[in-house]
Amino acid sequence: GNANAGIGLFDVRDSTLNNVTVRNSTWTGGGAIEMVGVKNLTITDSRIANNVIGIKMFSVSGYQANENVFIENSTVSGNSDVGVQIDDKAGEVDIIRNDIVNNGQGVTNNDNKLLNAGPNWWGSEDGPNAASANGVSDNVATAPFLTAPTEELENTDDGTPRRFGTE
């Protein structure tokens, strides 16, 4: 494993990470993808797996607050501590249509602002925090949640998944 973060995004604007794989980072306390001062960033069609922390967003003095970050259509799995950890956000952060499974914790939001993390597949058709599913912390909105992995979903004519559950 790599003892450092795989990708560090500091003061990044108007960017997309597409089809990225980051795995096997063993850096305790740090994310395989770290974000500080990012604005208008999309992570899509990517795989973040087998790290200590998959994706970590936090603040550092001298950088603007994180805002308008979208994590979508990706797999976040096998991260021993947490799949996605949000320590600070100023604007919209959406975690949608992902498979978030087999992590120590699915999503942890340490910020006092509500985080949108739905719809996602949490490893159970009963949604997050079910016996076989990844859990989420307080201040994480997960409804509706996906009732099957993203690859198994039927799409409507406009491309949105049909199969949703509720908390």
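Modeller: Gladly, and let me start with contacts, meaning heavy atoms within 4.5 Å. Of the contacts in the protein chain with a separation of 6 or more, 61% are between residues 24 or more positions apart. Please keep in mind that this is a predicted model, where local features need pLDDT of at least 70, side-chain atom pairs count only at pLDDT 80 or more, and totals for chains, interfaces and linings use all residues. Residues are numbered from 1 along each chain as its sequence is written, and side-chain values use heavy atoms, with hydrogens and water left out.

Biologist: What does the secondary structure of the protein chain come to?

Modeller: It comes to 0 helices and 17 strands. Helices (H or I, at least four residues) and strands (E, at least two) are DSSP runs, numbered from the N terminus.

Biologist: Why does G54 count as buried?

Modeller: Buried means under 20% relative accessible area, exposed over 50%, and partly exposed in between, using a 1.4 Å probe and protein chains only. G54 has 0% relative accessibility, so G54 counts as buried. This glycine lies in strand β7, residues 53-57, and its contacts beyond four places in sequence include G31, I48 and V82. G54 and G31 are 23 residues apart in sequence, with 5.4 Å from C-alpha to C-alpha. For the protein chain of 167 residues, buried residues make up 50%.

Biologist: What makes their phi angles worth a look?

Modeller: Most residues other than glycine have a negative phi, and most peptide bonds are trans. D14 has a positive phi of about 50 degrees without being a glycine, and N24 has a positive phi of about 65 degrees, again without being a glycine. As for peptide bonds, the one from G118 to P119 is cis, with omega near 5 degrees. Another cis bond joins A143 and P144, with omega about -5 degrees.

Biologist: What makes a set of residues a nonpolar core?

Modeller: The set must be buried Ala, Val, Leu, Ile, Met, Phe, Trp, Tyr and Cys residues joined through side-chain atoms within 4.5 Å. The largest nonpolar core has 31 residues, of which M35 and V107 touch the most other members. The largest share, 3 residues, comes from β4. Among the residues that M35 touches beyond four places in sequence are L9, L41, I55 and F58.

Biologist: Why are β1 and β13 said to stand at the edges?

Modeller: Two strands pair if DSSP finds at least two bridges between them. The open sheet of 5 strands has the order β1-β4-β7-β10-β13, with parallel pairing. β1 (7-10) and β13 (107-109) each have a single partner strand, so one side of each is left without a neighbour in the sheet.

Biologist: How do you know that β10 and β13 pair?

Modeller: They share 3 bridges in the parallel sense, and the requirement is at least two. In β13, T108 is the bridge partner of Q85.
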